[in-house]
Structure formats: structure tokens, C-alpha cells
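Open the model in your viewer and keep the selection tool at hand. The tour goes from the whole chain to single residues.

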Amino acid sequence: MSITWTVPLDEMFTESKKQVLSDYENLALELYNAIIANSPVDSGRYRANHIMTVNSQDFSVNNSNTVRLYAKGFYNSKKFLPIIIQNNLPYAYRLEHGWSKQAPKGIYALSMQQVSNGL
């Protein structure tokens with residue numbers, strides 16, 4: 001019995017890698033959206049300061065109350081690079097550790113748990 005490949009192996013793995021990278025990007029977008037949804041809102045400044053970057057950190061602060069939107073395609077790398085989601089406001093650490101009555105269980109850890117449970 002012989003086996004005949006109709007698709008070259010390198011092409012098969014290329015397609016698989018594309019799918020895994022797409023799933024990686026989708027998971028990052030889902031996590032980012034959960035973080036936004038779980039963010040306490042007073043002035044909206046905290047919610048507007050979540051930043052998602054690829055392979056490097058961004059230490060800027062958004063002085064408006066406009067949430068940054070990320071859409072499918074923001075991750076345009078052909079290899080696995082870290083996706084970083086951060087908030088640079090000085091009180092972000094306190095909010096993550098239950099400082100807000102609106103988010104007593106935090107934001108980032110809770111969002112990660114919610115997204116992980118949905119897998």
C-alpha cells in the first residue's frame with residue numbers, strides 16, 4: 001500500500017501556521033474586549049487607556065476618553081510574537097487588585113479567566 005500526497009508538506013504546514021496565528025490574534029482581541037467590558041467607569045479614562053501592542057510595550061497615556069479599537073488584522077506578523085495588553089495609568093495596579101467597587105475582582109486577571117473558560 002502506498003500513500004500519495006496531493007499537497008506538499010510545506011504548504012500543509014503553512015496553512016496550519018496561518019490558522020494558529022489567526023486563532024492567536026482572535027484570542028488577543030477577545031481578551032482585549034473582555035478587559036474593556038470589565039473595566040470600571042468613572043470618567044472613562046481608565047477604559048480608554050488599555051493598549052495592545054505586538055512585540056513591544058507602549059508607555060503612552062491616552063488623555064481622551066476614547067477607547068482604542070483594534071480589529072482583525074492588527075497582528076500582521078508571520079511568526080509568533082508576544083501580544084502585550086497594558087494600562088499605564090498610575091492607579092491601574094490598584095484597580096487590578098480590587099480598589100474599585102465596580103470591579104472588586106480586578107480586570108485583567110478576571111478577563112483572562114473568562115476568556116480561558118470560554119475555550
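Buried means under 20% relative accessible area, exposed means over 50%, and partly exposed is in between (1.4 Å probe, protein chains only). This is a predicted model, in which local features need pLDDT of at least 70, side-chain atom pairs count only at pLDDT 80 or more, and totals for chains, interfaces and linings use all residues. Residues are numbered from 1 along each chain as its sequence is written, and side-chain values use heavy atoms, with hydrogens and water left out.

**Stop 1: the whole chain**

Select everything and colour by secondary structure. You get 4 helices and 2 strands. Helices (H or I, at least four residues) and strands (E, at least two) are DSSP runs, numbered from the N terminus. Read from that end, the order is α-α-β-β-α-α.

Now show the C-alpha trace. Along its principal axes it spans about 70 × 30 × 20 Å. The radius of gyration is 19 Å, whereas a compact globule of 119 residues would have one near 14 Å. That radius is taken over C-alpha atoms, and the globule rule is 2.2 Å times the number of residues to the power 0.38.

Of the 119 residues, 34% count as buried. Contact means heavy atoms within 4.5 Å. Among contacts between residues at least 6 apart in sequence, 63% join residues at least 24 apart.

**Stop 2: the salt bridges**

How many salt bridges does a search of the whole structure find? The search finds 2. A salt bridge here is a side-chain nitrogen of Lys or Arg within 4 Å of a carboxyl oxygen of Asp or Glu. Side chains of opposite charge can pair when their charged atoms come close.

Select E15 and K18. Their side chains meet in a salt bridge, 3.4 Å from N to O. Both residues lie in helix α1 (residues 9-38), 3 residues apart, about one turn of the helix. E15 is partly exposed, at 47% relative accessible area.

Next, select E25 and K72. This pair forms a salt bridge too, and its closest N and O atoms are 2.8 Å apart. What does the pair tie together? E25 lies in helix α1 and K72 in the loop between β1 (50-54) and β2 (83-87), so the bridge ties together parts that are 47 residues apart in sequence. E25 is buried, with a relative accessible area of 4%. K72 counts as partly exposed, at 48%.

**Stop 3: the loop between β1 and β2**

Stay in this loop and select N55, which is found there. Its phi is near 70°, a positive value in a residue other than glycine. N55 counts as partly exposed, at 45% relative accessibility.

Move on to L69, placed in the loop between β1 and β2. Is L69 buried or exposed? At 77% relative accessibility, L69 counts as exposed.

**Stop 4: L89**

Select L89, in the loop between β2 and α3 (92-96). L89 counts as buried, at 4% relative accessibility. Which residues is L89 in contact with, leaving aside its neighbours within four places in sequence? They are R45, Y46, N49 and V61. Finish with the distance to R45. R45 and L89 are 44 residues apart along the chain, and their C-alpha atoms are separated by 8.7 Å.
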